[in-house]
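Colleague: I am new to this structure. Could we walk through it in short steps?

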Amino acid sequence: MSGQTPPRAPRRPTVLRHGTHARVDDWYWLRERDDPDVLAYLKAENEYTDAGFASTADLRARIFGEIKARVRETDVSAPVRRGDWEYYSRTIEGRDYAVHCRRPATGQPVPDPDALPGTPAGEQVVLDENVLAAAHEYFALRGLAIAPGQAVVAYSIDVDGGERATLRFREIGADTDLSDEVADVYYGLAWANDDRTLFYVRTDAAVRPHQVWRHVLSTPVGDDVLVLQEDDERFYLSIHRARSGSVIVVTAASKLTTEVHLLDANTPTEPPRCVAAREHGLEYHVEHHADPERGDRIFVVTNAGGVEGFRLMVAPAHSSARDEWQDVLPPRPDVRIADVDAFATHLVVSERAAGLEQLRVVPIVDGEVRLEDAHLIEMPEDVYSAWVGANAEFTSPALRYGYTSLVAPVSDVDYDVASRARSVVKVQPVEGYDAAGFETHRVWATAPDGTAVPISIVHRRGLPRDGSAPLLLYGYGAYEVSIDPTFSITRLSLLTRGVMFAIAHVRGGGELGRRWYEHGKLDRKRNTFTDFIACAEHLVAAGYTSADRLVARGGSAGGLLMGAVANLRPELFGAVVAEVPFVDCLTTMLDETLPLTITEWEEWGDPVHDEHVYEYIGGYAPYDNVRDQPYPPMLVTAGLNDPRVQFWEPAKWVARLRATVSAPHDLFLKTELGAGHHGPSGRYEAWEEEALVLAFALAQVGITD
């Protein structure tokens, strides 16, 4: 690949911190979104990337065609029952977005995937995203909530990728919206039981969700009521309607502490009630359980008592103090309780053990929680991913869960918790795919401090381990987010060409529990980087690949990981893909006016007030540690409207690399000028974007067809 380097225009502000630390930032000016020079610079970089990728045009077209051929473009999702109706979505060949539909509940199989929306007997169109998107270059449905009486749908749309949306309402079956329209809302919609009152979330200037509001249908938006405001800039608010239908759950959360408030869904004008006042370091999450005989309860997943693996507790629903909580499932070594879902006759506890997800069913008999009769749902593979799926009905005797692995497409499964019988409702269709042609397994690398780090691998069956195979290694490692082994249709374009794929489950993620996360954050963040390097070294030493055929990929916080390992061990990788990378992390963590900065201090540290944190972040921040050394070819992406990783972070990083590195190497920056953190919104554009990334990776390892 080749191209012409775009123009450079360095400017030199110097900032003094903590008395002695001076930072010279030649590229600080790139953060000025409204400066015509900035937009011109980004466009020049895009033109440079287009020129550099011209030689891969045929390969990109082939990959895009392969993705389209494997995806069943006209399809329907597994229906989810809600009272008298079953809800599902349709996709149609040639259309980018989903059509949300419903039909009277019959318990029949998945609807005919080839039927046009609204044509089968009894089927109604709830919302057609394609119609809503028609007037916009970018479109994302940020919220969709059906009123309890199921006559009205509330929905919110984002038309620039900035993740602030407009809230609207529609009677189901109608083609036009009601007159109510609320601007500038965030994720989270929850109906009260009167079918007229909706709770929604708004953000402050830093895009921190800090308010819960109440709107009543057919009333002026100016009369909406502020229900709860969070003034502590470390905390953000989220809301959801409990499955029981009795309460709205409002959670105020920082990275270390939570506080939950409950709103009565039957009397929505009553003020919220706090479950337990916040205590620094105490995390708890609440699931409501309605029981007309024993009284309503709340089940609480918490680290109360300082336990690493969390515990499951129970209290009366009216509880307002932690001393009323009682153990249901005590903490256990090497098991992380992640969540609980409550149903009338059972609980489902989501856990992590040995790096894998597991679902524990706990019966409730005559109001008593029967822990002695609990069981784990058995899974068919040793390395997999499983999760609680869409379960709208509190009284359902069955659990809908999802299952996948690196070789198994996603399945929707209904599990009868009493008989333990399971029924596969739908398997993700993949045209021309035969799982028998691929194999997956897990290996372990050893980090410099002796920690064993898991790696999940998939490749074409029988591929030799003599170092000749290309391999794409993916990593993330932040926020206790687990990158679990899941199936990907787009990945098949790598696997069928003899490229291996692996996930490095590095510290900072949640794969091996809370300690795994804590040992990859704050002043232990470097473990994330050295874990990834150890995984790469292991894969080379074990003959899976060789350094010149090893491609590293990560996005957002995983893009920070890419920048760090490229600085530390550039010779270990044949190419690097860094998508919307958080690479100028010191500048961002120093700027309290930016979205997310103050809430992120508990994840990365506070360099504004702590000199040690300033020095620690400054010691690994990719932008601050670019050196004049040979770097591998790199593809870097950005989104102009990205509120999570500002576009200027990848732009500044690329500019500094260009200005610092004397050895020639391919370096490309591609900025989406009309999108945000998640890239293009339509599925066809998203496939084209993925084809570009895969073509870059393949070209760097010598595969051109």
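Modeller: First, one term. Buried means under 20% relative accessible area. Keep in mind that this is a predicted model.

Colleague: Which residues of helix 9 are buried?

Modeller: Helix 9 spans residues 597–604 and is mostly covered. Eight of its eight residues are buried. They are Thr 597, Ile 598, Thr 599, Glu 600, Trp 601, Glu 602, Glu 603 and Trp 604.

Colleague: What covers the buried residues of helix 9?

Modeller: Both a strand and helices take part. The cover includes strand 16 (236–241). It also includes helix 5 (514–518), helix 7 (557–568), helix 8 (585–590) and helix 10 (611–620).

Colleague: Which residue just after helix 9 takes a positive phi?

Modeller: Look just past the end of helix 9. The phi there is about 110°. The residue is Gly 605.

Colleague: Is Glu 230 buried or exposed?

Modeller: Glu 230 is found in the loop between strand 15 (225–229) and strand 16. Its relative accessible area is 7%. The cut-off for buried is under 20%. Glu 230 is therefore buried.

Colleague: Which residues is Glu 230 in contact with, leaving aside its neighbours within four places in sequence?

Modeller: Two of the contacts are Arg 208 and His 210.

Colleague: Now helix 1 and helix 11. Are they roughly parallel or roughly perpendicular to each other?

Modeller: The axes of helix 1 (residues 36–52) and helix 11 (residues 648–660) come within 12 Å. They cross at roughly 65°, and the crossing is left-handed. Angles of 65 to 115 degrees count as roughly perpendicular. The two helices are therefore roughly perpendicular.

Colleague: Which residues of helix 1 and helix 11 make the contact?

Modeller: The contact residues divide into six nonpolar, no polar and two charged. Helix 1 gives Tyr 41, Leu 42, Glu 45 and Tyr 48. Helix 11 gives Ala 651, Val 654, Ala 655 and Arg 658.

Note on methods:
Residues numbered from 1 in each chain as written. Predicted model: local features only at pLDDT ≥ 70, side-chain atom pairs only at ≥ 80, totals over all residues. Heavy atoms only, no water. Buried < 20%, exposed > 50% of the residue type's maximum accessible area, 1.4 Å probe, protein only. Helix = DSSP H or I, 4+ residues; strand = E, 2+ residues; numbered from the N terminus. Contact = heavy atoms within 4.5 Å. Axes fitted to C-alpha atoms, helices over the stretch in contact; angles between N-to-C directions. Parallel < 35°, antiparallel > 145°, perpendicular 65-115°, else oblique. Left-handed = near helix turned anticlockwise from the far one by under 90°. Nonpolar A, V, L, I, M, F, W, Y, C, P; charged D, E, K, R; others polar.
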